[in-house]
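This briefing is intended for a reader new to the structure shown below. Please keep the sequence and the model in view while reading the points that follow.

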Amino acid sequence: MEFLVRARAAPVKASKLLSSVGKGRGVEYLADIVRNALFVSKGHRENVSVTLVFERSSDFSRILRISGSDLGSFVDLHEKAILDYIAEALRLAEKFEKNEEIENPGGVFVTAKSFEAYFDERKQSSNPYLLDQKGEDIRCVEVSQDSIFVMSDHTPMPKNSKKSLINSGIRRISVGPKMLHTSQCIAVVLNELDRRSDISS
Ligand SMILES: C[S@@+](CC[C@H](N)C(=O)[O-])C[C@H]1O[C@@H](n2cnc3c(N)ncnc32)[C@H](O)[C@@H]1O
């Protein structure tokens, strides 16, 4: 199961990412997203990965996927520790050409490609869902282990992208009537699935 989060205002450059903390750009939310997707009290979720798309770039977006099945180097879960971990991974990809990628043993995959290109690849082998307040209630939707949940961060999904996702037939699911933070949506989705079965463990 994968959470794919498009972060339109998040810089691809590690130093810029870290210097944006506390400057109103919302990069701190990325730490909440990672924490809620991958960690439980005294453990982590082996079957979940979280993918962040950094789109503030002078060349290509960078895509960072962290897999719960392969987490080795997380020591602390506070905001700074998680943002440092993300920055370290982005540094690996600073000089990347388009479509270059690397998977390191700490459980991180990084590539230089667009949200659309990545999603098109992943949807071949996954069941895609778009998290959308106006979608079907998640409580009425069967969700399989190979699902990919697409969402934006605090910056809205561009209208054209949303339209093309919907035109591609993606199923829209809602986690309730209130607009939540991305990290809260992830926690609700995982809780919903925890209560249903063990597919989110
Ligand atoms: C913080 S919200 C985005 C807020 C942004 N200002 C906007 O208008 O799109 C981040 C993402 O969480 C998801 N989301 C928030 N509340 C939701 C809900 N009740 N049901 C389903 N998805 C939700 C949507 O995917 C949304 O793009």
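In this predicted model, strand β7 covers residues 108–111, with Val108 and Val110 pointing one way and Phe109 and Thr111 pointing the other way. All four of these residues are buried. In a regular strand, side chains alternate between the two faces of the sheet.

**Strand β7 and its partners**

- Strand β5, residues 62–67, runs antiparallel to β7, and 4 bridges join the two.
- Within this pairing, Thr111 of β7 is the bridge partner of Ile63. Thr111 is also one of the buried residues of β7.
- Strand β6, residues 101–104, likewise pairs with β7 in the antiparallel sense, over 4 bridges.
- Here Asn104 has Val108 of β7 as its bridge partner.
- β6 and β7 form a hairpin with 3 residues between the strands. In this hairpin, Gly107 takes a positive phi near 95 degrees.

**The ligand and its surroundings**

**Backbone contacts with the ligand**

- An oxygen atom of the ligand lies 2.7 Å from a backbone N or O atom of Leu131.
- For Lys178, a backbone N or O atom is 2.8 Å from a nitrogen atom of the ligand.
- For Leu180, a backbone N or O atom is 2.9 Å from a nitrogen atom of the ligand.
- The ligand exposes 560 Å² when taken alone, and the protein buries 82% of that area.

**His78 in its loop**

- His78 is found in the loop between β5 and α3, a helix of residues 79–92.
- Is His78 buried, partly exposed or exposed? His78 counts as partly exposed because its relative accessibility is 41%, and that class lies between the limits of 20% and 50%.
- His78 and Phe119 are 41 residues apart in sequence, and their C-alpha atoms are 29 Å apart in space.

Methods: Residues numbered from 1 in each chain as written. Predicted model: local features only at pLDDT ≥ 70, side-chain atom pairs only at ≥ 80, totals over all residues. Heavy atoms only, no water. Buried < 20%, exposed > 50% of the residue type's maximum accessible area, 1.4 Å probe, protein only. Pairing = 2+ DSSP bridges. Polar contact = N/O pair within 3.5 Å; in protein donor to acceptor, adjacent residues only side chain to side chain. Areas by Shrake-Rupley, 256 points an atom, 1.4 Å probe, with all protein chains shown as cover.
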